[in-house]
Amino acid sequence: MDDGEREQALLTALTTEHFVLQTSRSATVTESVGRATVFLSMLSAALIGLGFVASNAAFVGPYLGAVLPTLMITGLLTFLRLVQNMVENELDLARIQRIRAYYQHRLAGEHDFFADAVQDASVMRASWAAVGNAPRRAQLLLTTAAMVGAVNALLAGLSITLLVGLAGLSSGLAIGVGTVLALLAFAAQVAYINRASISQPG
């Protein structure tokens with residue numbers, strides 16, 4: 001195989017890989033939306049159910065005792081998978097940027113069709129720029145995983161508030177303890193997202 005044939009074969013392979021990676025990115029987004037929708041639908045159904053049992057105080061405690069653990073476990077599993085999807089999406093985007101950089105170096109000539117892929121030495125910084133984002137950690141708070149993490153934190157805070165209230169302590173103390181736990185739970189999940197992310201924003 002001469003150099004021209006090798007170049008053509010590589011270009012064909014890269015074009016196929018580019019398509020596969022873009023399809024994979026689409027699949028991760030679709031799965032993330034689906035999983036978040038299922039979880040939030042469960043939460044909505046639980047709140048509707050609470051409305052039905054709220055008229056009878058004897059049923060509220062058992063209902064919450066069954067529903068809250070279910071929601072928290074489901075929420076945690078959903079959060080973990082959403083973080084995996086986020087990382088898969090980042091990897092796919094980084095690989096796409098490498099392919100686009102090759103297009104720019106070898107094929108674009110005087111054109112700048114793919115110049116954004118090579119403007120920065122960091123592939124991940126170029127990847128963030130390709131989707132219109134500045135490379136900042138705060139961007140990770142806008143992910144679907146962070147949204148579900150916030151709901152999980154609220155559920156954890158509510159659960160502790162109810163438990164402290166059932167223990168006979170004042171409502172003010174119960175709310176305070178629940179609020180602190182919710183903030184800690186959210187901070188822990190955000191820290192997990194930051195550690196899992198392959199991006200290195202400032």
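Okay, ground rules. It's a predicted model, where local features need pLDDT of at least 70, side-chain atom pairs count only at pLDDT 80 or more, and totals for chains, interfaces and linings use all residues. Residues are numbered from 1 along each chain as its sequence is written, and side-chain values use heavy atoms, with hydrogens and water left out.

So, the overall picture. We have 5 helices and 0 strands, and from the N terminus the order is simply α-α-α-α-α. Helices here are DSSP runs of H or I with at least four residues, strands are runs of E with at least two, and both are numbered from the N terminus. Of the 202 residues, 36% are buried; buried means under 20% relative accessible area, exposed means over 50%, and partly exposed is in between, with a 1.4 Å probe and protein chains only.

Let's start with α1, residues 3–53. Its 51 residues should span 75 Å at 1.5 Å a residue, and the end C-alpha atoms sit 74 Å apart, which agrees. The expected span, by the way, is 1.5 Å times one less than the number of residues. Which helices do the buried residues of α1 pack against? That would be α2 and α4.

The buried set in α1 includes L14, H18, L21, R25, T28 and S32. Have a look at T28: its relative accessible area is 4%, so T28 is buried. Beyond its neighbours within four places in sequence, T28 touches N85, E88 and N89. With N89 there's also a side-chain polar contact of 3.1 Å (N or O atoms within 3.5 Å; within protein, one able to donate a hydrogen and the other to accept it, and residues adjacent in sequence counting only if both atoms are side-chain atoms).

Further along α1 is A46, buried at 10%. Leaving out neighbours within four places, A46 contacts Y63, V67 and L71.

Now α5, residues 171–196: 26 residues reaching 37 Å, close to the expected 38 Å. Its buried residues are A174, G178, A182, A185, Q189, V190 and I193, and they pack against α2 (57–106) and α4 (144–166).

On to charges. How many salt bridges are there? The count is 4, taking a side-chain nitrogen of Lys or Arg within 4 Å of a carboxyl oxygen of Asp or Glu. One is E31 to R35, at 2.7 Å; being 4 residues apart in α1, E31 and R35 are separated by about one helical turn. Another pairs R81 with E88 at 3.3 Å. Is D92 buried or exposed? D92 is buried at 6%, while R95 is partly exposed at 40%. Salt bridges that share partners join E31, R35, R81 and E88 into one network.

Last stop, the surface. I73, L76, L77, L80 and Y192 make a nonpolar patch of about 460 Å² accessible area together, and α2 supplies the largest share, 4 residues. Patch members have over 30% relative accessible area and no salt bridge; nonpolar side chains (Val, Leu, Ile, Met, Phe, Trp, Tyr) are joined within 5 Å, like charges within 9 Å. Areas are Shrake-Rupley with a 1.4 Å probe, and for residues only the protein chains shown count as cover. I73, at 54%, counts as exposed.

Note on methods. Contact = heavy atoms within 4.5 Å.
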